[in-house]
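Please read this note with the model open beside it.

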Amino acid sequence: MPKVAYSEADRAQIRQSLITSALELMAQQGIQHTTVEQIYRTVGISRTFFYSFFPTKEDLIVETLYLQQPRIISYAQSLMEDTSLSWKEAVRKFLFTCCYGERNGIAVMTVEEQQLLFRRLPEESYRVFREKQARLFGNILECFGIRPDTKRVQLFTNLCLAILVIRRAIPGTLPLLVPEAADETVAFQINALVDYLDSLRESIPD
C-alpha cells in the first residue's frame, strides 16, 4: 500500500482532531480509562501515525487540558452575564459544573492520574503547565470580579482542586471517608468557597 502524503494543513487538522477526540473521551470515561487506541481509532489513523504527533499519552493529555481552558473561561463568563442568576448562584453553578466534570464534558484528573501524569512529564512541560494553570485560575477570578493577585490565585487553585480531588477520591483512594456523604461534602465545600470568594470581590451588584 503506497504511503499517504499529508500536507502540513492535513497534519494540523489531524492533530486537532486527536486532541478534541481525546478530550471528549476523557471527559466521559476518565483519563485513566481512555486508551491511546480508542483515541487514534476514533480519528481513523494508525498507532504509528498517532505517535508521530504525540510521543506519549501524557503529551496528549496536557494538550487536552489546555484545549478545555478557554472553554472553562467562556463558561464562567456566560454565567456571570446571565441576568437570571445572582452572583453567588452563578459562581456556585460554575463550581458544581466543574466538580462533576464527567457529567458536563470537562476532564478532571484523579489523584492517581495527576501523580502518573506529572511523574512522566519533562520538567519544562511541567513548568509550562503550572504557568497556564495559574493563568486559568487567575482568569476565573477576574470573571468573578475578584482581583487575581498571586496569593489569591494560589489559594483559589488549591481550594478548587481539593474539592475536585476529594470528590473523585471517595471511596477508592480515600476509603475512610464516607461515600454516602460525598455529595453533601462537596456542596458544603463549594458553599464555603463561594462565601469566601464573595468576601473578596469588588463591589458588583447582583
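This is a predicted model: local features need pLDDT of at least 70, side-chain atom pairs count only at pLDDT 80 or more; totals for chains, interfaces and linings use all residues.

1. Helix α8. This helix covers residues 150–169, 20 residues in all. Its first and last C-alpha atoms are 28 Å apart, close to the 28 Å expected at 1.5 Å a residue. The buried positions in α8 are R152, V153, F156, T157, C160, I163, L164, V165, R167 and A169. Their cover includes α5 (87–99), α6 (111–120), α7 (123–143) and α9 (182–200).

2. Helix α7. With 21 residues, α7 reaches 30 Å from first C-alpha to last, close to the 30 Å expected at 1.5 Å a residue. Buried in α7 are F129, Q133, L136, F137, G138, I140, L141 and C143. These buried residues pack against α4 (57–80), α5, α6, α8 and α9. After α7 comes G145, with a positive phi near 80°.

3. The cores. The largest nonpolar core has 32 residues. F94, L95, I140, F144, F156 and L197 have the most contacts inside it. At least two residues of this core come from each of α4, α5, α7, α8 and α9. Helix α5 gives the most, with 7 residues. A second, separate core has 27 residues, including L25, Y40, I45 and A107.

4. I140 in detail. What does I140 touch, leaving out residues up to four places away in sequence? I72, I73, F94 and F156 are its contacts on that count. F94 and F156 are also among the residues with the most contacts inside the largest core.

5. F54. This residue sits in the loop between α3 (47–50) and α4. Is F54 buried or exposed? F54 counts as buried because its relative accessible area is 2%, and the cut-off for buried is under 20%. Beyond four places in sequence, F54 touches R15, L18, I19, D59, L60 and E63. L117 is 63 residues from F54 in sequence, and their C-alpha atoms are 14 Å apart.

6. R167. This arginine belongs to α8. R167 counts as buried because its relative accessibility is 13%. Its side chain makes a polar contact of 2.8 Å with the side chain of E102.

7. A cis peptide. Please check the bond from I170 to P171: the peptide is cis, with omega near 0°. P171 lies in the loop between α8 and α9.

8. Salt bridge in α7. The whole structure holds 11 salt bridges. One of them joins the side chains of E124 and R127, at 2.4 Å from N to O. Both residues are in α7, 3 residues apart, about one turn of the helix. E124 is partly exposed, at 45% relative accessibility. R127 is also partly exposed, at 38%.

9. R152 and D149. These two residues form a salt bridge, with the closest N and O atoms 3.7 Å apart. R152 counts as buried at 18% relative accessibility, whereas D149 is partly exposed at 25%.

10. R201 and D198. Here the closest N and O atoms of the salt bridge are 2.7 Å apart. R201 is buried, with a relative accessible area of 16%. D198 is partly exposed, at 26%. Which residues make up the network of salt bridges? K88, D195, D198 and R201 are linked in it.

Terms used. Residues are numbered from 1 along each chain as its sequence is written. Side-chain values use heavy atoms; hydrogens and water are left out. Helices (H or I, at least four residues) and strands (E, at least two) are DSSP runs, numbered from the N terminus. The expected span of a helix is 1.5 Å times one less than its number of residues. Buried means under 20% relative accessible area, exposed over 50%, partly exposed in between (1.4 Å probe, protein chains only). Contact means heavy atoms within 4.5 Å. A nonpolar core is a set of buried Ala, Val, Leu, Ile, Met, Phe, Trp, Tyr and Cys residues joined through side-chain atoms within 4.5 Å. A polar contact is a pair of N or O atoms within 3.5 Å; within protein, one must be able to donate a hydrogen and the other to accept it, and residues adjacent in sequence count only if both atoms are side-chain atoms. A salt bridge is a side-chain nitrogen of Lys or Arg within 4 Å of a carboxyl oxygen of Asp or Glu.
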